[in-house]
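Please study the sequence and the structure before reading each solution.

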Amino acid sequence: MVKPIRRDIFFLNQKSEPATKADAQVVTDLLDTLRANQARCVGMAANMIGVRKRIIVVNMGMMNMAMINPVITKKTGAYQTEEGCLSLEGVRPTTRYQEIEVEFLDIGWKKQKQRYSGWIAQIIQHECDHLDGIVI
Ligand SMILES: [Zn+2]
């Protein structure tokens with residue numbers, strides 16, 4: 001189900017908790033909401049639809065991918081950039097890493113470990129920040 005986007009900074013500044021299988025509906029809602037906002041949004045974290053659970057969705061070109069309880073285990077190649085956010089106005093400066101390694105559960109709750117670089121790595125870093133209550 002498509003959900004409204006939260007813009008309440010007090011809420012967005014709180015850390016999210018680990019997701020469990022009871023949160024399967026949140027994964028579906030988040031994918032639906034990303035699809036509905038695809039024209040202006042490339043990724044979302046669950047707290048952006050009002051659920052403080054560690055779930056993100058990322059647009060990977062042809063498809064959207066859900067990552068449950070993602071953890072960035074390696075990052076290399078720091079660079080400065082600017083990012084916008086569906087929950088905020090304008091763009092802000094931030095430091096990102098060119099290559100990252102992420103451990104997460106996929107939509108089938110299987111453990112995955114993947115490397116990403118460039119644009120997709122940047123989206124994942126932005127959404128993982130949301131899980132820690134960091135809004136750029
Ligand atoms: Zn954001």
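**Exercise 1: The sheet**

The model contains an open sheet of 5 strands in the order β1-β2-β3-β4-β5, with antiparallel pairing. The model is predicted: local features need pLDDT of at least 70, side-chain atom pairs count only at pLDDT 80 or more, and totals for chains, interfaces and linings use all residues. Residues are numbered from 1 along each chain as its sequence is written, and side-chain values use heavy atoms, without hydrogens and water.

Task: Which are the edge strands?

Solution. Step 1: strands (E, at least two residues) and helices (H or I, at least four) are DSSP runs, numbered from the N terminus. Two strands pair if DSSP finds at least two bridges between them. Step 2: β1 (43-45) and β5 (111-117) each pair on one side only and are the edge strands. Step 3: from one strand to the next, the twist averages 35°. Step 4: β3 and β4 are joined in the antiparallel sense by 13 bridges; Lys75 has Ile100 in β4 as its bridge partner.

**Exercise 2: The helices**

Task: Which strands does helix α2 touch?

Solution. Step 1: contact means heavy atoms within 4.5 Å; axes are lines fitted to C-alpha atoms, for helices over the stretch in contact, and angles run from 0 to 180 degrees between N-to-C directions. Step 2: α2 (residues 24-36) packs on the sheet and touches β1, β2 (55-59) and β3, at about 30° to the direction of β2. Step 3: α3 lies across β1, β2, β3, β4 and β5, at about 90° to β4.

**Exercise 3: The pockets**

Task: Which element gives the largest share of the lining of the largest pocket?

Solution. Step 1: on a 1 Å grid over the protein atoms alone, a pocket is an open set of points where a 1.4 Å probe fits, with protein on both sides within 12 Å along at least five of seven lines; lining residues have an atom within 4 Å of a point. Step 2: the largest pocket has 16 lining residues, with Val42, Gly84, Cys85, His126 and Glu127 nearest its centre. Step 3: β3 (64-84) and α3 (118-131) each supply at least two lining residues, and α3 gives the largest share, 5 residues.

Task: Which element gives the most to the lining of the second largest pocket?

Solution. Step 1: the residues lining the second largest pocket include Arg54, Lys75, Tyr97 and Asp132. Step 2: β3, β4 (91-105) and α3 each give two or more residues to this lining. Step 3: β3 gives the most, with 4 residues.
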